[in-house]
Amino acid sequence: MGVPVPRWGIRLMKTKWGSCNPAKGLVWLNLDLAKKPLAALDYVILHEMAHFISPRHDELFLNTVDRNMPGWRQIRSDLNALPLSD
């Protein structure tokens, strides 16, 4: 993707699958992703990394995700149909 590898961590998150702070070079992943399909983890990592290219969900962001994972919309839909925690 041509972006620096961020610092990252895993924590229990009650309302989302991941978060990114491009200014601090930091990505957090929800611990409960470990219980979800591997494609979901790949999607969330890609989603958060794409924020290093564009901090918003704008056309540049969407093009980045499309280019790197063409089927991401179905994976996101499947993931969001699952509970955040079990």
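Start by selecting Leu33. Leaving aside neighbours within four places in sequence, Leu33 is in contact with Trp17, Ala40, Leu41, Val44 and Leu79. Contact here means heavy atoms within 4.5 Å. Before moving on, note that this is a predicted model: local features need pLDDT of at least 70, side-chain atom pairs count only at pLDDT 80 or more, and totals for chains, interfaces and linings use all residues. Residues are numbered from 1 along each chain as its sequence is written, and side-chain values use heavy atoms, with hydrogens and water left out.

**Stop 1: around Leu33**

Stay on Leu33. The residue lies in the loop between β3 (26-30) and α1 (38-50). Helices (H or I, at least four residues) and strands (E, at least two) are DSSP runs, numbered from the N terminus. Is Leu33 buried or exposed? Leu33 is buried, because its relative accessible area is 4%. The cut-offs: buried is under 20% relative accessible area, exposed is over 50%, and partly exposed is in between, with a 1.4 Å probe and protein chains only. Leu33 and Trp17 are 16 residues apart along the chain, and their C-alpha atoms are separated by 7.0 Å.

**Stop 2: the sheet**

Select β1, β2 and β3. They make an open sheet of three strands in the order β1-β3-β2, with mixed pairing. β1 (7-11) and β2 (18-21) stand at the edges with a single partner strand each, so one side of each has no neighbour in the sheet. Neighbouring strands are turned by 15° against each other on average, direction ignored. Two strands pair if DSSP finds at least two bridges between them.

Take the pairs in turn. β1 and β3 pair in the parallel sense over five bridges. Pick Ile10: opposite stands Leu29 in β3. β2 and β3 pair in the antiparallel sense over four bridges. Pick Gly18: its bridge partner in β3 is Leu29. Next, look at the turn. β2 and β3 form a hairpin with four residues between them, and Gly25 in that turn has a positive phi of about 65°.

**Stop 3: α1 against α3**

Show α1 and α3 (72-80). They pack at an angle of about 110°, with their axes 9 Å apart. Axes are lines fitted to C-alpha atoms, for helices over the stretch in contact, and angles run from 0 to 180 degrees between N-to-C directions. So α1 is roughly perpendicular to α3. Angles of 65 to 115 degrees count as roughly perpendicular, under 35 as roughly parallel, over 145 as roughly antiparallel, and the rest as oblique. For side chains, select Ala39, Ala40, Tyr43 and Val44 of α1 with Trp72, Ile75, Arg76 and Leu79 of α3; these make the contact.

**Stop 4: two sides of α2**

Move to helix α2 (residues 59-68), where Phe61, Thr64 and Val65 are buried. Why do they share a side of α2? They cover an arc of only 95° around the axis, which puts them on the same side. That arc is taken from the directions from the helix axis to the C-beta atoms. What covers the buried residues of α2 includes α1 and α3. Turn to the other side of α2: Glu59 and Arg67 are exposed there.

**Stop 5: Leu62**

Finish on Leu62, also in helix α2. Leu62 counts as partly exposed because its relative accessibility is 29%. Not counting residues up to four places away in sequence, Leu62 touches His57 and Trp72. Then select Thr15. Leu62 and Thr15 are 47 residues apart in sequence and 22 Å apart in space, C-alpha to C-alpha.
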